[in-house]
Amino acid sequence: MVKQLRLAIAVMFVAILVYSGLWFTAAFQAEKDTVALLSSWRDQGIQIEHGNISHSGFPYRIAVEIEDFDLRTRSRGLDIHTDQMVLTTHLWTANHWVAQISGLEAKFADNTLAMRDGALNASYKLYEDGQRVIAIDSLLTNDLNIDRFFGTVPPQLTSLQLFLRFGDTDKQAKEGLYGERYLDVKLVASTDITSLEATGGISGPIIHDWNKRELENWRDEGGLMEFSIIDIRSQGGRVRGNLSATLDENLKPLGSASMTVNGGENIQKLLRTTGINPAIIPSSGALNIMLQNGRYSSGTDAAGQLKPVLD
């Protein structure tokens, strides 16, 4: 009995030593890999600055903390600051990381979209087939602020979830007009009176920055943005449909949108805030919009000028 007890204690002691060794090895490696990743991004021309990087979490989790993190692309396609970012995983979930982010300030497409959030969660998972999935949840939204929203009135959100699925590599057009899809997107958001769900993706080569060369290359190599589902509900009204668009030679949207509008004054008001000519918005029925020749139109009636996505 005494021998068995001693053996059990010895086994437990060895197991603790082995686990501790594995944890510290993995934790130091995670910190080292994070530093190496940021360095590789700098080598690609991305501007990155940060404060202290450290690890913690023993014995249950591996956490890498990055303080005062700043990331900017050269042409301001992406500009992100966080006060603190804690990346967490476990020994048995090495391909799945969860990020707790505080003090976020983010700007996209040369400040066309800008937001601030006091705290949010994100997760990253790498699958065996090379697919990468990122899920973002804004948690409490009393500290979420949308400062700019594509030239329209910024919404005051009460919830926000974003799901992104990336392909393994850049995909070029092989047959037909458009390239293979490299990014799938699902957005779920709401305000006090309105809810939105949008599902779609982007095809063609990856856009690395927001400049003329990158956008023209995306367009010329089969770039296409598609939303197969756009579903907006507000105070009894609803608009549902799809959107497909690329860019013309002047970097203006080129494509079409097909919607079904079902009543609701708030839906009418919402569509007007996007810049759509009120004259073509039905109170109920089909709304088909063509984007071409630098203009948008419904049927044969010209309805208004389109702006280039890059000034």
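**Contacts, cores and surface of the predicted model**

Of the contacts in the protein with a separation of 6 or more, 46% are accounted for by residues 24 or more positions apart. The structure described here is a predicted model, and the values reported below were computed from it. The protein comprises 311 residues, of which buried residues make up 35%, and its secondary structure consists of three helices and 17 strands. Along the principal axes, the C-alpha trace of the protein spans about 90 × 45 × 35 Å.

The interior is considered next. In soluble globular proteins, nonpolar side chains tend to be buried together. In the present model the largest nonpolar core contains 26 residues, and the residues with the most contacts inside this core are Phe 69, Leu 104 and Met 115. At least two residues of the core are supplied by each of the following elements: helix H1, strand S3 (62-72), strand S4 (78-89), strand S5 (96-108), strand S6 (113-126) and strand S8 (144-149). The largest share, five residues, comes from S3. When neighbours within four places in sequence are left aside, Leu 104 is in contact with Ile 80, His 81 and Thr 82, and also with Met 115, Arg 116, Asp 117 and Leu 120. Another core, which lies apart from the largest one, has 21 residues, and among them are Ala 245, Met 259, Ile 280 and Leu 291.

Helix H1, which covers residues 2-43, also carries residues that were examined for their accessibility. Together with Phe 13, Val 14, Leu 17 and Val 18, Leu 22 makes a nonpolar surface patch of about 480 Å². Lys 32 likewise has its place in helix H1, and its relative accessibility of 57% is the reason why Lys 32 counts as exposed, the limit being over 50%. Between the C-alpha atoms of Lys 32 and Ser 190, two residues that are 158 residues apart along the chain, the separation is 39 Å.

A hairpin of three residues joins S10 to S11, and within the pair Leu 183 stands opposite Ile 202 in S11. S11 in turn pairs with strand S12 (residues 224-234), again in the antiparallel sense, over 10 bridges; here Thr 199 stands opposite Ile 229 in S12.

The structure holds 13 salt bridges. One of them is formed by Glu 226 and Arg 181, whose closest N and O atoms are 3.2 Å apart. This pair links distant parts of the chain, since Glu 226 belongs to strand S12 and Arg 181 to strand S10, the two residues being 45 residues apart. Glu 226 counts as partly exposed because its relative accessibility is 29%, and Arg 181, at 35% relative accessibility, is likewise assigned as partly exposed.

A second salt bridge is formed by Arg 76 with Asp 79, and in this case the closest N and O atoms are 2.8 Å apart. The two partners fall into separate accessibility classes: Arg 76 counts as partly exposed because its relative accessibility is 36%, whereas Asp 79 is buried because its relative accessible area is 15%, which is under the 20% limit. Both residues belong to a network of salt bridges in which Asp 70, Arg 72, Arg 76 and Asp 79 are linked. A further salt bridge brings together the side chains of Arg 272 and Glu 265, with an N to O distance of 3.3 Å; Arg 272 counts as partly exposed, its relative accessibility being 34%.

Methods. Residues numbered from 1 in each chain as written. Predicted model: local features only at pLDDT ≥ 70, side-chain atom pairs only at ≥ 80, totals over all residues. Heavy atoms only, no water. Patch = residues over 30% accessible without salt bridge, like charges linked within 9 Å, V, L, I, M, F, W, Y side chains within 5 Å. Areas by Shrake-Rupley, 256 points an atom, 1.4 Å probe, with all protein chains shown as cover. Salt bridge = Lys/Arg side-chain N within 4 Å of Asp/Glu carboxyl O. Helix = DSSP H or I, 4+ residues; strand = E, 2+ residues; numbered from the N terminus. Pairing = 2+ DSSP bridges. Core = buried A, V, L, I, M, F, W, Y, C linked by side-chain atoms within 4.5 Å. Buried < 20%, exposed > 50% of the residue type's maximum accessible area, 1.4 Å probe, protein only. Contact = heavy atoms within 4.5 Å.
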